Amino acid sequence: MSADLDHIRNVMAEADCLFDESQVEAAIGKVAEAITADLADRNPVMFCVMNGGLIFAGKLATKLNFPLEMSYLHATRYRNQTTGGELFWKAKPEISFIDRDVLIVDDILDEGHTLNAIIEFCKHAGAKAVHTAVLIDKDHDRKAVPGLKATYSGLSCIDRYIFGYGMDYKGYWRNAPGIYAVKGL
């Protein structure tokens, strides 16, 4: 079943821009500086969490001027819906990270169920250390693990349904050049 494109276009037309492209790019630069300071000499493996982390990971990677291996993993709770459900693994990491630092790059830390499950997976599979980088840390008290924080976070955001820079609205607008909040959500 295809989406109602008029509705999808209307969501963007009515959305509130929370962070424009220049603000997001500046935040990515600051995250890259912090990661470089911490991990440049540790031979990390960087895993992009698909699909949401794709844009952030790609932009971030070009600012990390040190040797690292890159791959992806795909775990989701949303499956193109606006509310999360059970964790579903579409692709587990293929590069060995045993006894290595792992950097997990994702779009958002909302409640953190997905990110927490990925962190635990990497720890149990032999990572020396697990670091996380998210573009957005949503500001609320519903984290999966109380006090769950990303190692590196670009921007803090109000508790609304957001899209852009990898985050989607029903599978669309991951390509929006900023961070937008859906009107009424």
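## Strand pairing at E8 and E9

In this predicted model, strand E8 pairs with strand E9, which spans residues 178-181, in the antiparallel sense over 2 bridges. Within this pairing, Phe163 has Tyr180 of E9 as its bridge partner.

E9 is also joined to E1, in this case by 4 bridges, and these two strands likewise run antiparallel. Phe19 stands opposite Ile179 of E9 in the structure. Together the strands form an open sheet of 3 strands in the order E1-E9-E8, with antiparallel pairing. The edge strands are E1 (16-20) and E8 (162-163), each of which pairs on one side only. In general, the strands of a sheet pair through backbone hydrogen bonds, in either a parallel or an antiparallel arrangement.

## Side chains of strand E9

Side chains in a regular strand alternate between the two faces of the sheet. In E9, Gly178 and Tyr180 point one way, whereas Ile179 and Ala181 point the other way. Which of these residues are buried? All of them are: Gly178, Ile179, Tyr180 and Ala181.

The two bridge assignments can be read alongside this pattern. Tyr180 is the partner of Phe163, and Ile179 is the residue opposite Phe19.

## Overall fold and dimensions

The secondary structure of the protein consists of 4 helices and 9 strands. Read from the N terminus, the elements follow the order α-β-α-β-α-β-β-β-α-β-β-β-β. The radius of gyration is 16 Å, close to the 16 Å that the globule rule gives for 185 residues, so the protein is as compact as a globular protein of that length. Along the principal axes, the C-alpha atoms fill a box of roughly 50 × 35 × 30 Å.

Among contacts in the protein with a separation of 6 or more, 67% are accounted for by residues 24 or more positions apart.

## Burial, surface and charge

Of the 185 residues in the protein, 46% are buried. The protein exposes about 9400 Å², and carbon and sulfur atoms supply 49% of that area.

The charged side chains comprise 20 positive and 25 negative groups. The centres of these two sets lie 2 Å apart.

## Phe88 in strand E4

Phe88 belongs to strand E4, which covers residues 88-91. Is Phe88 buried or partly exposed? Its relative accessible area is 31%, so Phe88 is partly exposed; the cut-off for a buried residue is under 20%. Phe88 and Ala75 are 13 residues apart in sequence, and their C-alpha atoms are 5.5 Å apart in space.

## Backbone features in loops

Most residues other than glycine have a negative phi, and most peptide bonds are trans. Where does the model contain a cis peptide bond? The bond from Met50 to Asn51 is cis, with omega near -10 degrees. Asn51 lies in the loop between strand E2 (45-50) and helix H3 (54-61).

Asn43 has a phi near 50 degrees, a positive value in a residue other than glycine. Asn43 is located in the loop between helix H2 (21-39) and E2, and it is partly exposed, with a relative accessible area of 43%. Lys170 is not a glycine either, yet has a positive phi of about 50 degrees. The loop that holds Lys170 runs between E8 and E9, and Lys170 is partly exposed at a relative accessible area of 40%.

Key. Residues are numbered from 1 along each chain as its sequence is written. This is a predicted model: local features need pLDDT of at least 70, side-chain atom pairs count only at pLDDT 80 or more; totals for chains, interfaces and linings use all residues. Side-chain values use heavy atoms; hydrogens and water are left out. The radius of gyration is taken over C-alpha atoms; the globule rule is 2.2 Å times the number of residues to the power 0.38. Buried means under 20% relative accessible area, exposed over 50%, partly exposed in between (1.4 Å probe, protein chains only). Contact means heavy atoms within 4.5 Å. Accessible areas come from the Shrake-Rupley method with a 1.4 Å probe; for residues, only the protein chains shown count as cover. Lys and Arg count as positive and Asp and Glu as negative; His and the chain ends are not counted. The place of a charge is taken as NZ of Lys, CZ of Arg, CG of Asp or CD of Glu. Two strands pair if DSSP finds at least two bridges between them.
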